[in-house]
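This report describes the architecture and selected local features of one protein chain. Please consult the sequence and the structure shown here alongside the text.

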Amino acid sequence: MAQGRRHLTITTVVDAEECAVLRVAGELDVHAEQQFLDEAGAVIAAGHRFLVLDLTALRFCDSRGLNCLLALEWLCRRMNGRLLLASLGVRVLHVLLVTRAVDALSCFPTVGHALAAVPEEIRPSWPPGGTVADGTVNSDGDGSDSFGSRDGSVGDGVKGHAPDAYRSDDRERPQQSSRDRSAP
């Protein structure tokens, strides 16, 4: 590999009939563009019309990487599916917000939340192996992960983010108190 070339790793976490979960790690830019499109495109071409990308370990995404995500969204939509982005880091989320691509892509705080947006009849169980952090079996396929439950609460009773929690229209409007609403 040439010096200065960035690395990208794509790992299949779940491979169900019509839905797959891929973990993307490294840097998604011009150097990784073809690899990313080839590998993720092959997953979609194999019939996985719902594709969840776990972006927890994606350190960098530039405009070429963003174009790759938009291309995958287009491919999934052509198959009556969706591209679902999960666990975006601050840097990647910033790129999506600045470019307003967050309005075109479905973004979720966790893989479990993203899987909850997949139709129930094709939704794979999560986490893989069917057990959650406390050792209990997650057999109902509700899309919860080890950090949340069906109602979105986290183990300590704190409510988690709602699906599509990263949508810009939810963040940009500050919440007004009742006192502020009476002002002209």
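## Basis and overall architecture

Helices (H or I, at least four residues) and strands (E, at least two) are DSSP runs, numbered from the N terminus. On that basis the chain contains six helices and six strands, and their order along the sequence is β-β-α-β-β-α-β-α-β-α-α-α. The model is predicted, so that local features need pLDDT of at least 70 and side-chain atom pairs count only at pLDDT 80 or more, whereas totals for chains, interfaces and linings use all residues. Residues are numbered from 1 along each chain as its sequence is written, and side-chain values use heavy atoms, with hydrogens and water left out.

Burial is judged by relative accessible area: buried means under 20%, exposed over 50%, and partly exposed in between (1.4 Å probe, protein chains only). The chain has 184 residues, of which 45% count as buried. Contact means heavy atoms within 4.5 Å. Of the contacts between residues at least 6 apart in sequence, 63% join residues at least 24 apart.

## Packing of helices α1 and α2

Two packed helices are described by the angle between their axes and the distance between the axes. Here the axes are lines fitted to C-alpha atoms, for helices over the stretch in contact, and angles run from 0 to 180 degrees between N-to-C directions. Helix α1 (residues 33–45) packs against helix α2 (residues 63–78) at an angle of about 15°, and their axes are 10 Å apart. This makes α1 roughly parallel to α2; angles under 35 degrees count as roughly parallel, over 145 as roughly antiparallel, 65 to 115 as roughly perpendicular and the rest as oblique.

The residues of α1 that take part are E33, F36, L37, A40, G41 and I44, which meet R64, C68, L69, A71, L72, L75 and C76 of α2. By class, this contact comprises 10 nonpolar, one polar and two charged residues. In this classification, Ala, Val, Leu, Ile, Met, Phe, Trp, Tyr, Cys and Pro count as nonpolar, Asp, Glu, Lys and Arg as charged, and the others, Gly among them, as polar.

## Surroundings of L51 and R82

L51 belongs to strand β3 (residues 50–54) and is buried, at 0% relative accessibility. Which residues does L51 contact, leaving aside its neighbours within four places in sequence? The partners of L51 are A20, L22, A40, V43, I44, L72, C76, R82, L83 and L84. Among them, A40 and I44 of α1 and L72 and C76 of α2 also belong to the helix contact. The C-alpha atoms of L51 and E18 are separated by 8.5 Å, although these residues are 33 apart along the chain.

R82 is placed in strand β5 and counts as buried at 19% relative accessibility. The side chains of R82 and S106 are joined by a polar contact of 2.6 Å. A polar contact is a pair of N or O atoms within 3.5 Å; within protein, one must be able to donate a hydrogen and the other to accept it, and residues adjacent in sequence count only if both atoms are side-chain atoms. From C-alpha to C-alpha, R82 and L72 lie 8.7 Å apart, with a sequence separation of 10 residues.

T110 is found in the loop between β6 and α4, while H113 lies in helix α4. Their side chains form a polar contact of 2.6 Å. T110 is buried at a relative accessible area of 14%, and H113 is buried at 16%.

Is E17 buried or exposed? E17 counts as exposed, at 70% relative accessibility. This residue is placed in the loop between β1 (8–15) and β2 (19–28), and it touches G47 and H48, not counting residues up to four places away in sequence.

## Backbone exceptions

Most residues other than glycine have a negative phi, and most peptide bonds are trans. S87, which is not a glycine, has a positive phi of about 55°. S87 lies in the loop between β5 (82–86) and α3 (90–98) and is buried, with a relative accessible area of 17%. R100 likewise has a positive phi, of about 65°. The loop between α3 and β6 (106–108) holds R100, which is partly exposed at 41% relative accessible area.

A cis peptide bond, with omega about 0°, joins W126 and P127. P127 is located in the loop between α4 (111–116) and α5 (168–172).
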